[in-house]
Amino acid sequence: MHQNYHFLKQLAPALHDRLAGKYFIEAFSQEKDEIILVFADRAGEDELINPFFIKATLTSRFACLSFPDKFDRARRNSVNLFSDFENKPVALVRVFTNERAIKIQFSDDSALVLKLFGNRSNLLSFDSEGNVVQVFNNKLVPDKSLSLASFDREINQSFDAYIQNNLDHKALFPTFGKQVNAYLEQKLAGKKDAGERWSVIREVMQQLDASEFFLVKTDGEPALTLFETGELIQKFTDPIEALNAFYITYIRLSGLDREKAEWLRILRKRIQQTDNYLENTFAKLVELENAVRNDEIGNIIMANMHSIPERSEQVELFDFYRDAPIRIKLKKELSAQKNAENYYRKSKNEKIEIARLNDSLAFREKERAELAEHIENISQIAALRELRSYLKTHLLDGKKAETPVNDLFKRVDFLGYVILIGRNAKNNDILTKQFAGKEDLWLHAKDVTGSHVVVKNQAGKPFPAPVIERAAELAAFYSKRKNDSLCPVIYTPKKFVRKPKGLPDGAVVIDKESVVMVVAKGE
């Protein structure tokens, strides 16, 4: 919770007390993804007067602020940044309303913003008009188009708004985050009355703002929380001291402990995602198997064919399977026999869907067992080299491979595979001709226009059925079959896809193909 809004809301005033009136001396970076900000009352001939340092560690896996008492700059491999702010006095430090970002405002209304968005954390500078001037991490391209005005988020967080949102506190307080929401759900359990629930929410909010900060350990990993949970290490009332203690505790973990903790967290998250998938898929399968089957409806129509009036849109017939009446929807432009044939066709798709769901359940259950085995094995590893060897041998770190084409195509990461989606006809050609390898999997909705979809190959690994299914769902979604109940999608290795001269943009010839039936599903 060191990046939680309710913590930053208390950190910002503490920073204001330390920084207001001080001058920005310099900002420099001597390690990738780390920047040091230096403030002082003024610079003396040989040393800084009352300096204050902010170290911003902004990696994709760990982002955190810390405030060292001193920091000796290296003579080499160090670069100056944000030099436009040199010798400007700090006027105000505040947190943006309902946002995980802290603004350091100078006397001329220019500003530095510490944007603490998890793996998208960054440091940005703005001119006095609120426009971006410079960003620390240039890979976060969307940050270059932000404005200061876009950070503050005014939200109606009144009791009336709570009632209007059907007692959904997450809609009113998106700043709570997962840990606070889980903590709050425990306290709300069994409480139905709106007033009683609102009182609990207000009590938790008072607790979040109580200036009590807990350094704890959960699952072997240190954490900074606003309520006591896990194994308590230390309690603080100063947010700067609390954040320093958390940062030092985190970096003091040995390389083995840190990497083990991170991989155990990743694997547990994958198990949770798999459990959610299994639960949802099983519920869907039960719903399909318990519903009135389309072939049964077809049989009921055929048994009553001569008693169904022409051009009927709905008819009530006797369901001899359940010994009760049943209402059946009909297409008025079709005869009774043609309506029955339509339900028989749906029945084929229904059987395909049930078989697909059973296959997916079997695959995911096997995958879950493998993940649980990985967790048990990694927990017992006692050497860093052994851990990295295990990860490499079992291809657990395959998902870390980066692709440089995120800005060209839509990208979806699924089960460690990268799925790329063309944006238009010309973009489809670029994806298929220039960025798809011959062993990559190529997909497209059958017989209609739509996006080319490519699943990047992982050497030595066959494409898992759920990955093919997910890519096919995306191909269906980005096609003119988007609204079909079931969509046939072609899939084939890219080596069987050709682009002869003279074909229009996006058109290709496929020499060999397989077809999968899926329900269209976007990102």
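Glu-367 and Arg-364 both belong to helix H9 and lie three residues apart, about one turn of the helix. Helices (H or I, at least four residues) and strands (E, at least two) are here DSSP runs, numbered from the N terminus. The structure is a predicted model, in which local features need pLDDT of at least 70 and side-chain atom pairs count only at pLDDT 80 or more, whereas totals for chains, interfaces and linings use all residues. Residues are numbered from 1 along each chain as its sequence is written, and side-chain values use heavy atoms, with hydrogens and water left out.

Glu-367 forms a salt bridge with Arg-364, their closest N and O atoms being 3.8 Å apart. The term denotes a side-chain nitrogen of Lys or Arg within 4 Å of a carboxyl oxygen of Asp or Glu; by this rule the count comes to 27 salt bridges. Three of these pairs are listed below.

| Pair | N to O distance |
|---|---|
| Glu-367 and Arg-364 | 3.8 Å |
| Asp-108 and Lys-88 | 2.8 Å |
| Arg-481 and Asp-484 | 3.2 Å |

Accessibility is classed as buried (under 20% relative accessible area), exposed (over 50%) or partly exposed (in between), using a 1.4 Å probe and protein chains only. Glu-367 is buried, with a relative accessible area of 15%, and Arg-364 is likewise buried, at 4%.

The side chains of Asp-108 and Lys-88 meet in a salt bridge. This pair links distant parts of the chain, 20 residues apart: Asp-108 lies in the loop between strand S9 (101–106) and strand S10 (111–115), and Lys-88 in the loop between strand S7 (79–81) and strand S8 (90–95). Asp-108 counts as partly exposed, with 35% relative accessibility.

A network of salt bridges links Arg-61, Glu-262 and Arg-265.

Helix H9 (residues 336–379) also packs with helix H7 (residues 255–290), at an angle of about 160 degrees and with the axes 9 Å apart. H7 is therefore roughly antiparallel to H9, a class that covers angles over 145 degrees. Axes are lines fitted to C-alpha atoms, for helices over the stretch in contact, and angles run from 0 to 180 degrees between N-to-C directions. The crossing of H7 and H9 is left-handed, that is, the near helix is turned anticlockwise from the far one by less than a right angle. The residues of this contact divide into 15 nonpolar, six polar and 12 charged. Here Asp, Glu, Lys and Arg count as charged, Ala, Val, Leu, Ile, Met, Phe, Trp, Tyr, Cys and Pro as nonpolar, and the others, Gly among them, as polar.

Key. Angles under 35 degrees count as roughly parallel, over 145 as roughly antiparallel, 65 to 115 as roughly perpendicular and the rest as oblique.
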